[in-house]
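Here are some notes to read alongside the structure. Have it open and follow the points in order.

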Amino acid sequence: MIDDISRRRLLTGGAALGATASIVALAGCSDDVEEPPVDIDEQAALEIADIDRPDDIEAFPIDVGDEIVEARIERVESLLESIPDDLKGEIPNEAVRDHIESRRDRALAALEDDRPSNYARLSRLRSARTLAAEAEGSYAVASEDRTPAAVEDELRGLEGDFEALVSDLSWTGDDPRDAVVVYDAIEGWLDDAERALEEADRERPGEPDFERVGYLTVRRERTLAAIEDAEYVLDRQADRGDRSLEGAFVEVVSSRLEDHREQIEEPPTTVEDATELLFGEPTDSSVSRGVARQLIWAPEQSHERAREYLESNRPARAVLEVLTLESGLLAIESVESDEMTVERPEDAADIEAAKRTAIEAIETAAFAAEEPYLTGQLLEVARFDVRRADETLEDYHSESDATLATANYLVGTVRARVAKEATERLVASFS
């Protein structure tokens, strides 16, 4: 579920990772430290990256039926059916033609999806829809069938649908532990629809009509897809109980943020201080610094995002950000207590061992999870750590890539190992 990074999400937990870029920028992303060379070449790096990662974690309580997936596929196909296979005779402008063809080809590629569940496929299909919409919109301008004003009218109509959905939204269900995952997804889609509508209002001076219509059509389709998916899931959640849960979500977030407020105050401002805080002593190890960069500042960022979600009436997203906060604090405690060895790799075998350890930790936690939907949120984040390390090795250039990948594998390992306890802490708050 981590594509298009649509949480969304990086799944609440992924939001902590999304903050990693700013953390690295703050702390500095390279270390002028003399370290022994790592005995690894590009081929060995690729072989490690090719080791299969754990499967997607199924972490959604609502069963998404085949019919909704088929309807989304039909929408993509209907957007594309007006575009001829060969555009050369109809559109002599090569730049316009290439623009349309590239979006069409990418939309068709996105339909070829082997994800394990219909829910996981919805995210990929939203991407296919926006690509198809951009191709269709640009073609409509090139063939003189559409103007920017026409799409702007369609967007104004969707604004009313969006506002009605938001005003009617309520948080209900029998089990708050499952419902919070459902409403987190719904709130995420609504946030995406709101962003799309806001982006559509932005002026882009000098933009040719075919690009303007393509841009607006993408925002129209994003909004429409988000509304449709939210309505579909809301209808099915309505059958899972009518107990109001908003107050419970707010109470959990408020209490946990207050409980952890002192723990996240005055974080270190440099990577040197962060590394010393995490490992109890100064260290110049590039792997230790990589781990510290990703772990030390994450709780503070989760705390802030949870507060912001609460203030913007996104209580489910706030709850799952608290889950990420619990995970982040436990990950720090785990490293501080030497529960995991953090060492710089000497060769490819050490890096491969780090990856296999991360995979084992994720798979073990998934098998033992008593709260699979909540724990699954955290395990998807750990799985993304592994994926990110793999991508670093796939583009291997220097020893810094080897140590960065190793740090990511180690972070994925510790996040997977604390996922169960982090979930238990959150669940206890509901009782």
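1. A quick word on terms: helices (H or I, at least four residues) and strands (E, at least two) are DSSP runs, numbered from the N terminus. Asn313 counts as partly exposed, because its relative accessibility is 38%; the scale calls a residue buried under 20% relative accessible area, exposed over 50%, and partly exposed in between (1.4 Å probe, protein chains only).

2. Before going on, some housekeeping. This is a predicted model, in which local features need pLDDT of at least 70 and side-chain atom pairs count only at pLDDT 80 or more, while totals for chains, interfaces and linings use all residues. Residues are numbered from 1 along each chain as its sequence is written, and side-chain values use heavy atoms, with hydrogens and water left out.

3. Another loop residue to look at is Glu266, between helix H10 (246–260) and helix H11 (271–279). Glu266 is not a glycine, yet it has a positive phi of about 50 degrees. Is Glu266 buried or exposed? Glu266 is exposed, because its relative accessible area is 77%.

4. Now for H16. This helix has 23 residues and spans 31 Å from its first C-alpha to its last, close to the 33 Å expected at 1.5 Å a residue (the expected span being 1.5 Å times one less than the number of residues). H16 is mostly covered, with 18 of its 23 residues buried.

5. How do H8 and H16 lie relative to each other? Helix H8 (residues 176–200) packs with H16 at an angle of about 50 degrees, and their axes are 8 Å apart. Axes here are lines fitted to C-alpha atoms, for helices over the stretch in contact, and angles run from 0 to 180 degrees between N-to-C directions. The two helices are therefore oblique to each other, since angles under 35 degrees count as roughly parallel, over 145 as roughly antiparallel, 65 to 115 as roughly perpendicular and the rest as oblique.

6. Who makes that contact (heavy atoms within 4.5 Å)? H8 brings Arg177, Asp178, Val180, Val181 and Asp184, and H16 brings Tyr373, Leu374 and Gln377.

7. Glu371 sits in the loop between helix H15 (348–368) and helix H16 (372–394). It is buried, because its relative accessible area is 18%. Leaving out residues up to four places away in sequence, Glu371 touches Arg177, Gly376, Thr423 and Val427.

8. Thr130 belongs to helix H6 (residues 118–142). At 16% relative accessibility, it counts as buried. Not counting residues up to four places away in sequence, Thr130 touches Val218, Glu221 and Arg222.

9. Ser288 is in helix H12 (residues 286–295), and it is buried, with a relative accessible area of 5%. Beyond its neighbours within four places in sequence, Ser288 is in contact with Thr275, Phe279, Thr283 and Val342. The C-alpha atoms of Ser288 and Thr403 are separated by 9.2 Å, while the two residues are 115 apart along the chain.

10. Last stop: Arg305, in helix H13. Arg305 counts as buried at 15% relative accessibility. Its side chain makes a polar contact with the side chain of Glu321 (3.4 Å). A polar contact is a pair of N or O atoms within 3.5 Å; within protein, one must be able to donate a hydrogen and the other to accept it, and residues adjacent in sequence count only if both atoms are side-chain atoms.

Notes: Contact means heavy atoms within 4.5 Å.
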